[in-house]
Amino acid sequence: MGSDAMKKMIRSDVLISGCSGVGIEISKNLALAGVKSITIHDPSPVAISDLSSQFFLREDDVGKPRSSVSVPYLQELNQYVPVHDYTGELDPSFLLKFQVVVLTDSSLSEQLRINEICRANAVHFLTSHAWGVFGSIFVDFGPSFEVVDTDG
């Protein structure tokens, strides 16, 4: 990454909603990279099936909120990046506290609703999913975003 991207990253408060395999991998990478802060949102209870894809979860965590269990492990990765747990609703007043919002494990209607809020308020939006070896990602950094990498 270039110096401009690094400067933006270290000033970014990031919300990650969804703490399964994809969400926790994104969270881990951002904590290690050194963003300003990370807030994890996933009130879903840990299920036995989560143990196969989310590396911070243990059998004793089954039934507890995914985000609450994951936050202490993420915080250990980088003491300079505060990691917060949030289990409330993703309403506009909460979403506007962030420069970047990342969704995983969310329905299409939820993705569209949150992207509309983010786009209207210049908040960068990403959504990603994985199904075995297949995955998808959608990125909306606003109407003025340009890709300047010659390789795309």
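This report describes the sheet, the helices packed on it and the nonpolar cores of a predicted model.

**The sheet**

Six strands form an open sheet in the order β3-β2-β1-β4-β5-β6, and their pairing is mixed. Strands of a sheet pair through backbone hydrogen bonds, in either the parallel or the antiparallel sense. At the edges stand β3 (83-86) and β6 (134-140); each has a single partner strand, so one side of each lacks a neighbour in the sheet. On average, neighbouring strands are turned by 15° against each other, direction ignored. Strand β5, residues 124-131, pairs with β6 over seven bridges in the antiparallel sense. Within this part of the sheet, Ala130 is found opposite Gly135 of β6.

**Helices on the sheet**

| Helix | Strands touched or crossed | Angle between directions |
|---|---|---|
| α2 | β1, β2, β4 and β5 | about 165° with β1 |

**The nonpolar cores**

The largest nonpolar core holds 18 residues, and Val14, Ile16, Val35, Ile38 and Ile40 have the most contacts inside it. Two or more residues each come from β1 (13-17), α2 (21-33), β2 (37-41), α3 (66-77) and β4 (100-104). The element that gives the most is α2, with three residues.

Which residues does Ile38 contact, leaving aside its neighbours within four places in sequence? They are Val14, Ile16, Ser27, Leu30, Ala31, Val81, Pro82, Val83 and His84.

Technical notes
Residues are numbered from 1 along each chain as its sequence is written. This is a predicted model: local features need pLDDT of at least 70, side-chain atom pairs count only at pLDDT 80 or more; totals for chains, interfaces and linings use all residues. Side-chain values use heavy atoms; hydrogens and water are left out. A nonpolar core is a set of buried Ala, Val, Leu, Ile, Met, Phe, Trp, Tyr and Cys residues joined through side-chain atoms within 4.5 Å. Buried means under 20% relative accessible area, exposed over 50%, partly exposed in between (1.4 Å probe, protein chains only). Helices (H or I, at least four residues) and strands (E, at least two) are DSSP runs, numbered from the N terminus. Contact means heavy atoms within 4.5 Å. Two strands pair if DSSP finds at least two bridges between them. Axes are lines fitted to C-alpha atoms, for helices over the stretch in contact, and angles run from 0 to 180 degrees between N-to-C directions.
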